[in-house]
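The questions below go through side-chain contacts and helix geometry. Each answer ends on the value or name asked for.

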Amino acid sequence: MPIRSIKGALKALVLFAIFFAGVWSQSSGVIDEFLWYLPDVQYLMVQHIWLTVMSGSLAILVAIPLGIVLSRPKMANVAESLMQVLNVGTTIPTLAVLALSMSFLGIGTVPAVFGLFVATLLPITRNTYAGLKGVNPALMEAAAGIGMSPMQRLLKVELPNALYVIFAGMRTALTINVGTVPLAFLIGAGGLGELIFTGIDLYDPVMMLSGAIPTALLAITIDALIAIIAFLVVPRGVNPSRA
């Protein structure tokens, strides 16, 4: 009974806080200021999503095959060394990666996509490699015992069992990607970073939040979408969400 009373009081407090925040926002004119930036948000959101889709798609197309190759027994001696090379993309600050990309590729979208691609590559590759190496050896022996070829074992045994871990890497990588895209504004690639950094320079909190809030919501949305896809695609037997 006391627990229910506490939960009820917390719900009432949250509702009161939301109501109070709404009244304050309306009376202070903050909502009108946010709405004034709405056309800019819509335009820059398209650029932001495009940069995320381009760099994220390239990272997925490269990282998953690369993780598969590194997980093969023939690559056992060099896999970790090559993984450390990829780790450079995460070790170096993303802004430095974008600056180096700009030095070689100029200003604009191309260096931004390349820099974001490098920053996104490691989590997907690492999780693909770890997921495939973590498949139960008994399953591999059983698959070999019934005459499956290495390619059949990969497609029908290893990948289905590693999908959950691979999707986890994709969620992490793409969420980081969305949060990093605002830096692309600094090398002329656009995106919501235009509102964020301009708002900081002008000491305009509303302009800054007009870029920061959609960026955060976009990251949450992409994370949720990938989680839903993983829930539907990953087989029930290896999906803790469907256990």
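**Ring pairs, salt bridges and a helix**

Q: Is Phe 114 buried, exposed or partly exposed?
A: Buried is set at under 20% relative accessible area and exposed at over 50%, with partly exposed in between (1.4 Å probe, protein chains only). The relative accessibility of Phe 114 is 42%, so Phe 114 counts as partly exposed. The model is predicted: local features need pLDDT of at least 70, side-chain atom pairs count only at pLDDT 80 or more, and totals for chains, interfaces and linings use all residues. Residues are numbered from 1 along each chain as its sequence is written, and side-chain values use heavy atoms, with hydrogens and water left out.

Q: What kind of aromatic pair do Phe 114 and Phe 117 form?
A: Rings of Phe, Tyr and Trp (its six-membered ring) pair if their centres lie within 6.5 Å; planes under 30 degrees apart count as stacked, over 60 as edge-to-face and the rest as tilted. The structure holds two aromatic pairs. For Phe 114 and Phe 117 the centres are 6.4 Å apart and the planes are at 40°, a pair that is tilted.

Q: Where in α6 does the kink lie?
A: The bend at a residue is the angle between axes fitted to the seven residues ending there and the seven starting there. In α6 the kink is about 30° and comes shortly before the proline Pro 123, at Leu 121.

Q: How many of the 25 residues of α6 are buried?
A: The helix reaches 36 Å from its first C-alpha to its last, close to the 36 Å expected at 1.5 Å a residue; the expected span is 1.5 Å times one less than the number of residues. α6 is largely enclosed by the rest of the structure, because the buried residues number 18 of the 25.

Q: What is the angle between the ring planes of Phe 185 and Phe 197?
A: Phe 185 is partly exposed, with a relative accessible area of 25%, and Phe 197 is partly exposed at 23%. Their ring centres are 6.3 Å apart, and the pair is stacked because the planes lie at 15°.

Q: Which residue forms a salt bridge with Glu 158?
A: A salt bridge is a side-chain nitrogen of Lys or Arg within 4 Å of a carboxyl oxygen of Asp or Glu. By this rule the count comes to two salt bridges. Glu 158 is buried, with a relative accessible area of 6%. With the closest N and O atoms 2.8 Å apart, the partner of Glu 158 is Arg 72.

Q: How many residues apart in sequence are the parts that Arg 171 and Asp 223 tie together?
A: The side chains of Arg 171 and Asp 223 meet in a salt bridge at 2.9 Å, N to O. Arg 171 lies in helix α8 and Asp 223 in helix α10, so the parts tied together are apart in sequence by 52 residues.

How values were computed:
Helices (H or I, at least four residues) and strands (E, at least two) are DSSP runs, numbered from the N terminus.
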